[in-house]
Amino acid sequence: MNDFLNALGNFDTQLYLAIAEQRNLVTSVIAVALTYLNWNGFFWWILAFLLLRSRGLNRRGIAATATVVFGLIDAWAIDELIKLVVRRPRPFEALANAPGVLPAPETIVAHPSSYSFPSGDAAIAMGAAVAFAYVTPKYRVPILLLGISAALARVVVGVHYPFDVLGGMTVGIISGLLAPQAIGLVRRRLRWRAFVIPHTHWDREWYERFEGYRARLVPMVSRLLDVLERDPDFRSFTFDGQTIAIQDYLEKKPADLSRVQVLVRSDRLLIGPWHVLADLLLVSGESIVRNLQEGLRSAGELGRAARVAYVADPFGHPAQLPQILRAFGYDTYVFARGMGDEGESVGSEFWWVSPSGDRVRAAHLVDHYSNALPLVGPLDEDADALRRRVRAKTARILDRLTPYANGDAILLMVGDDHVDAYARLPEAVREMRQVFPNVDTRIASLEEYAAAMPPLQHEVSGEIASGRYRPILRGVNSTRVWIKQENAACERLLLEWCEPLDALTGGTARDELRDLWRMLLQNHPHDSICGCSIDAVHDVDMAPRFAYVRERGDALASRLLDRLAGRGSAPMLWNPLPWARDAVVPLDGRPTRVRAGGLGLSPATPGEGDSQVKADGDAAIENGLIRVEVERDGSFFVVDMASGERGGRQNRLISEGDRGDEYTYSYAGPTIGSEGVSGRRSTSAAGDRATATVDLVLRLPVRLRDDRLARSPELVDCAVRMQISLDAGERRVDVTLEIDNRASDHRLRVLCETGTRALTHQCGAAFALLERSNRFEVRGRWIEPPTSEACVHDFVAVKGATRGLAVGVEGLREYSVLHDGGTIAITLLRAVGFLSRGDLPERKGHAGPELATPSAQCLGSRTYRYAVLPLDEHTDVTRAARSVHEWLSPPLVVSGDGRSRTFVYFVDPATPLVLTALRAGPDGSIVLRLANPHREEVSGEMLFERPIRASRPVDLREGDLGLGNTGLDVIRTAAPLHVEADLAWVKLQPYEIGTWIVQLS
């Protein structure tokens, strides 16, 4: 043993001498700087102070700082004790007294007087660094590198052997790992207020159809009502933040209406404020508003809506939601899913800030909405077993939740998907009080918790759509794309046709419109609109709902249009947009450019002058402004006819294998594209529209291989037809793509080159045009790391210094910006065969049951529409967005008396303001809602057909302050309109949503 120790000592000495021999000026300066910065933990104390300052002087900030301090002091104390036992001399002393011809190297700092092993400075550095890395994982790598560098510097400056430093680092690492455990023991003994929230999360349809779940819902609610009526200690039950489940129950049990009303009015049963728990990213901003309006209205009919906005399980949260909530009077939002690394910095409670600057208090359920489900046990469990279980489970629950609490209040969510109320919960809560007397535990509501939330010091801005704690599952953006297309069409039908027409014809269709909205909202729950349920949910239940809205909405719009247009056979245009514009419409069987007035009816009068639209051979079309040159593979180039500038390649298709599921895309090679495929081209010009048609065949792998690691070598033909159109007077290229998809397990995308590079891009979202980064960081420790794919509403644009590109989409909801802004990729379809899989590298674990979903392969004929707009000196982002809006909402040719009826329009058609709603209001008024989706303040003028008698700003309750009987104050409205006769001046702050009730003479 002595020989072995001597050998180690000799090796340590030789290594020390070799390191000293390699010193130079640069390494010496760095090592000296690190040594003095690390002296007695100097910069670790500074970092601990900065940590406390950033986290705030609250429980979480103090605990995080104490963790770092404990790791530092504990490492130093243990190190000093070991030194007294080992008593190893410093190398500059040992080598100076040792026999031999080599002199001891010079040290470059003052000689320490203590023993050498282990290194105290190395122990301090690593103890603090490991503890700091634990409480701030975002900075884990640089902090650990700093600690290691400070430790190794002790060898370079000549005051420690390498093994001294390794020993000190070991002590520090152990101390740093023990520090969170020690602070956790202290934290567990602090006084806490635990708000136990019994609840259920009721997916209306998912891996069963609606009626299958309702067969479980009815007995569950019956038992719940019995428990609440029988046991006054079971103080309240939160029914998932939605109202539709209770309505589904009452349809089957109408005799229980009075029981439900009594419990709701006595604050025992909490419902709403949502009508359904929608996917808030996929639906339009107005659909979010109608969801809350209907939820409040339904809850008010039963008593009142909850005064806290709670969403159990949406796959992300839109940036403008704080403004929407405040406009309903809400100031508190409780949610699960969506947080990234910022969750480690801000904790469970923070201000959530929208782009408009509106903010709400947010409470993040870090351990999800089932964080206290272990408190639930068998109903026949004996008292001793219940006590033992509560003791063990409560300790784990506290250890998981309290590190994120900024104050002394914590949320214990006792519930999960489709679970009953645990009748013995009051008994379990009493046992918790006995076992943990320092924890004031009570069955409560989210409203009681909101009243106990601590003062907030941190902010999170914009979208919440990350996957650090829970998978965010945004692969659903492109699952069963037909659902997204149908929903967008139904939203546009109600918002741009039915509601304005009803408002302009006296507001007689209020009940019909409510029925249509309620039917459409039934398709908005996240498992429904996301396309991530069993096939029967989407094909058998959802499709008829969309058809119901389409058929009855079309019939309502036609009836109202006939009433508005009057008797006659004169061709007229219904323009659903509030500005005058030129558009190409079918007139007498020929695409004709006509002038449409503002929102309303106008005669369909063809434009004057000759059309410059023409076809040039079989490979090009042009309209006097731009020329489109089409390749045989369907890709094309846009040429500015004035400057001759040629843009990048547009409309290239790529098919990538997909071994994922309905929630998550997972790549499988090889990638196959349309580039180089030779198709059949033809062009035509009719009236004011030129069209190039390309027919080609993509030979794609028929499916994945049996091992699911790559695509099959067997190929199948998928016929593709592309119609590339150019209208007179437009700088926009419209594309309709039809594909007979016969391939499974793949993703089909269209790629468009922007011709520029940029760090960010702009993208349409609910009530906003958001700016997003073109780059993302890979996060290895997340449950679901970030990807480049994101959700889009209607429009995405990349703008460089002088040029760029915008792409408009109809009902498509997924895009990526690739190559530092060089390419925009739009997902057309994603074909998968499983509801969920547990073997994906992109996500940890399952997202649902592993069930086959053959219909999600999206086989058969599919049609997609998108538009390409070059950005240059002629077209900026605002103008491109307006052009996309015009493309999505073309005028409709109808027959009538030929008399112009323009009801309202923007005086300046180029205004960035967006009309999001025009609907009938109370007492013959109209409700007008405008949004400013941009970061600058915007003013505009609106001209009405008649003088304005009165107007007033309202919040999103649209003047009905009794909506939901919440008693919440008006805390958010836009500025009043400035009115002069029939003209109204509007001013909206950046990203502001404004609603007014307008009375016309």
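Strands, as the word is used on this tour, are DSSP runs of E with at least two residues, numbered from the N terminus. With that in hand, welcome to a predicted model.

**Stop 1: the loop around Asp820**

Select Asp820 and you will find yourself in the loop that links strand 31 (814-818) to strand 32 (823-831). Check the backbone here: phi of Asp820 is near 55°, a positive value in a residue that is not glycine. Most residues other than glycine have a negative phi. Is Asp820 buried, exposed or partly exposed? Its relative accessibility is 30%, so Asp820 counts as partly exposed, because that class runs between the 20% limit for buried and the 50% limit for exposed.

**Stop 2: Asp745**

Next, select Asp745, in the loop between strand 24 (733-741) and strand 25 (746-753). Asp745 also has a positive phi, about 60°, although it is not a glycine. Now colour by accessibility: Asp745 has a relative accessibility of 8%, so it counts as buried.

**Stop 3: two cis peptide bonds**

Most peptide bonds are trans. Go to Phe117 and Pro118, where the bond between the two is cis, with omega near -10°. Pro118 sits in the loop between helix 5 (91-97) and helix 6 (120-135).

Then move to Gly669 and Pro670. Their peptide bond is cis too, with omega near 0°. Where is Pro670? This proline belongs to strand 20 (residues 667-673).

**Stop 4: aromatic rings**

A pair of aromatic rings is described by the distance of the centres and the angle of the planes. Searching the whole structure turns up 12 aromatic pairs. One of them joins Phe43 and Trp44, a tilted pair with 4.9 Å centre to centre and 55° between the planes. Show the surface around these two side chains: Phe43 is buried at 9% relative accessible area, and Trp44 is buried at 0%.

For a stacked pair, select Tyr333 and Phe335, whose rings are 5.6 Å apart centre to centre with 20° between the planes. Are these two residues buried or exposed? Tyr333 is buried, with a relative accessible area of 0%, and Phe335 is buried, also with 0%.

**Stop 5: zoom out**

Now bring the whole chain into view and switch to a cartoon. How many helices and strands does the protein have? Its secondary structure comes to 22 helices and 42 strands. Along the principal axes, the C-alpha trace spans about 115 × 75 × 60 Å.

Buried residues make up 60% of the 1001 residues.

If you draw contacts between residues at least 6 apart in sequence, 75% of them join residues at least 24 apart. If you colour by charge, you will see 115 positive and 125 negative side chains, and the centres of the two sets lie 3 Å apart.

Technical notes
Residues are numbered from 1 along each chain as its sequence is written. This is a predicted model: local features need pLDDT of at least 70, side-chain atom pairs count only at pLDDT 80 or more; totals for chains, interfaces and linings use all residues. Side-chain values use heavy atoms; hydrogens and water are left out. Helices (H or I, at least four residues) and strands (E, at least two) are DSSP runs, numbered from the N terminus. Buried means under 20% relative accessible area, exposed over 50%, partly exposed in between (1.4 Å probe, protein chains only). Contact means heavy atoms within 4.5 Å. Lys and Arg count as positive and Asp and Glu as negative; His and the chain ends are not counted. The place of a charge is taken as NZ of Lys, CZ of Arg, CG of Asp or CD of Glu. Rings of Phe, Tyr and Trp (its six-membered ring) pair if their centres lie within 6.5 Å; planes under 30 degrees apart count as stacked, over 60 as edge-to-face and the rest as tilted.
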